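Welcome, and thanks for taking a look at this one with me.

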Amino acid sequence: MKNLIVIFVLSVVASLELQAQTVTGKWKTIDDETGKAKSIVEISEKNGKIYGKVVEILTDKKDAKCDKCPGADKGKPIKGLTIIKGLKKDGSEYSGGTITDPGSGKEYKCALKLEGANKLNVRGYIGIQALGRSQTWVRVK
């Protein structure tokens with residue numbers, strides 16, 4: 001009976017830890033082509049949707065502007081720019097929103113999926129997820 005209680009308690013604790021894992025927080029972006037860190041993006045939740053804002057630039061282009069961005073973001077500094085917009089939780093991933101590549105100004109559909117507590121798979125794509133690129137971001141502690 002004691003073993004059964006211990007197993008139950010450990011199961012509850014493990015499930016609470018899994019539920020506590022979230023995409024919100026600060027993430028170091030890693031360029032999928034060069035493997036170098038580019039920025040820190042802070043992901044937050046607002047009204048049930050996920051947004052990500054560049055809070056720090058880690059390259060020598062600290063004052064860069066998003067000259068090729070569409071609409072109201074055109075010409076804004078990349079630092080402070082919201083690049084992830086409107087994602088919603090869908091099972092184990094977040095999708096249904098967009099991500100902007102500040103370098104090209106292009107906007108893509110976006111999906112985020114945690115890979116453990118400290119790695120985030122970020123996929124930008126056109127149409128279907130198979131037609132896109134992924135980056136692995138690392139949580140900043």
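1. A term to start with: two strands pair if DSSP finds at least two bridges between them. Please keep in mind that this is a predicted model. With that in hand, look at I50, which stands opposite L87 in β4. The strands β3 and β4 pair in the antiparallel sense, over 3 bridges.

2. Now follow β4 onward. β4 and β5 also pair in the antiparallel sense, here over 5 bridges. Together β4 and β5 make a hairpin with 2 residues between them. In the turn, G91 has a positive phi of about 70°.

3. Which residues have the most contacts inside the largest nonpolar core? They are I43, I84, L112, L120 and W137, in a core of 21 residues. At least two residues of this core come from each of β2 (37-46), β3 (49-57), β4 (82-90), β5 (93-100), β6 (107-114) and β7 (119-125). As a general remark, nonpolar side chains tend to be buried together in soluble globular proteins.

4. Setting aside neighbours within four places in sequence, L120 is in contact with V23, W27, I43, L112, K113, L114, Q135, T136 and W137.

5. Finally, S39, which sits in strand β2. Is S39 buried or exposed? S39 counts as buried because its relative accessibility is 10%, and buried means under 20%. Not counting residues up to four places away in sequence, S39 touches W27, K28, T29, V54, E56, I57 and L58.

Methods:
Residues are numbered from 1 along each chain as its sequence is written. This is a predicted model: local features need pLDDT of at least 70, side-chain atom pairs count only at pLDDT 80 or more; totals for chains, interfaces and linings use all residues. Side-chain values use heavy atoms; hydrogens and water are left out. A nonpolar core is a set of buried Ala, Val, Leu, Ile, Met, Phe, Trp, Tyr and Cys residues joined through side-chain atoms within 4.5 Å. Buried means under 20% relative accessible area, exposed over 50%, partly exposed in between (1.4 Å probe, protein chains only). Helices (H or I, at least four residues) and strands (E, at least two) are DSSP runs, numbered from the N terminus. Contact means heavy atoms within 4.5 Å.
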